[in-house]
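Here is a short briefing for you to read with the model open beside it.

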Amino acid sequence: MKIVTIGRGNVGGGLAALWRKAGHEVTVLGRDGGDASDADVVLVAVPGPAISAALGKVTGLAGKIAIDATNAYPSRNEAFPSLAEEVRSITGGPVAKSFNLNYASLYAADDAADPTALQLITDAGYDPVRVGGLDKARALEDLTWLLFAAAQDGAPFFYRFAAPGEL
């Protein structure tokens, strides 16, 4: 699969390395933007408030499948129900929300983005758990705030998601 990651930080750069290791062809774009015309899928891994600016510097996004790994930290564009919806408003294609939490297995996706998200989550080394359609993206984004708040007092913090009886 041909993947363009938009963002070179821990998430974008880290996933690029994992996906290359899994055999994908990955191009990483930074602040200067670039062209995503040849991509099968784009990963958006920039701060949530920078979505429009970052995607505005990338050509060839129209209709692409997008994986939104952004977080609403420190803020979000409230004109959209979720950051994933903001991504979709720019790309016009199917979107999945994933990799915005340390526990990257959880994801929400449009039906057309689901097989791609499932494959890329698996290829990054996680066991995917779909929580629903893109209407659930905001819940994943809000979960990030809960985790940040729990870690604010400086105490060690651990979390794990598991089905009832699996812990």
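In strand E8 (106–109), Leu 106 and Ala 108 point one way, while Tyr 107 and Ala 109 point the other way. All four are buried, which here means under 20% relative accessible area, with exposed meaning over 50% and partly exposed in between (1.4 Å probe, protein chains only). Please keep in mind that this is a predicted model: local features need pLDDT of at least 70, side-chain atom pairs count only at pLDDT 80 or more, and totals for chains, interfaces and linings use all residues. Residues are numbered from 1 along each chain as its sequence is written, and side-chain values use heavy atoms, with hydrogens and water left out.

**Strand E8 and its partners**

- Helices (H or I, at least four residues) and strands (E, at least two) are DSSP runs, numbered from the N terminus.
- E8 runs antiparallel to strand E7 (residues 95–97), and two bridges join them; strands count as paired if DSSP finds at least two bridges between them.
- Lys 97 has Ala 108 as its bridge partner in E8.
- With strand E9 (residues 129–132), E8 pairs in the parallel sense over three bridges, and Leu 106 stands opposite Val 129 there.
- From E8 the chain passes through H4 to E9 in a right-handed β-α-β crossover: with the strands pointing away from the viewer, the path from the first strand over the helix to the second runs clockwise.

**Nonpolar cores**

- The largest nonpolar core has 22 residues, and Trp 19, Leu 43, Ile 67 and Phe 99 touch the most other members. Such a core is a set of buried Ala, Val, Leu, Ile, Met, Phe, Trp, Tyr and Cys residues joined through side-chain atoms within 4.5 Å.
- Elements giving two or more residues to this core include helix H1 (10–21), strand E2 (25–29), strand E8 (106–109) and helix H4 (114–123).
- A second, separate core holds 21 residues, including Val 4, Val 44, Val 46 and Ala 137.
- Leaving aside neighbours within four places in sequence, Trp 19 has contacts (heavy atoms within 4.5 Å) that include Ile 3, Val 26, Leu 43, Phe 99 and Leu 120.

**Helix H3**

- Helix H3 (residues 83–91) has Leu 83, Ala 84, Glu 85, Glu 86, Val 87 and Thr 91 as its buried residues.
- Gly 92 follows H3 and has a positive phi, near 75 degrees.
- Glu 85 and Arg 88 meet in a salt bridge (2.8 Å, N to O), defined as a side-chain nitrogen of Lys or Arg within 4 Å of a carboxyl oxygen of Asp or Glu.
- These two residues are three apart in H3, so about one helical turn separates Glu 85 from Arg 88.
- Arg 88 counts as partly exposed because its relative accessibility is 26%.

**Salt bridges elsewhere**

- The whole structure has twelve salt bridges.
- Glu 141 forms one with Lys 97, with the closest N and O atoms 3.0 Å apart. This pair links distant parts of the chain, since Glu 141 lies in helix H5 (residues 137–150) and Lys 97 in strand E7, 44 residues apart.
- Glu 141 is buried at 0% relative accessibility, and Lys 97 is buried at 0% too.
- Within H5, Arg 138 and Asp 142 lie four residues apart, about one turn of the helix, and their side chains meet in a salt bridge (3.3 Å, N to O).
- Arg 138 is partly exposed at 27% relative accessible area, and Asp 142 is partly exposed at 35% relative accessibility.
- Salt bridges that share partners join Asp 68, Arg 76, Glu 78, Lys 97, Arg 138, Glu 141 and Asp 142 into one network.
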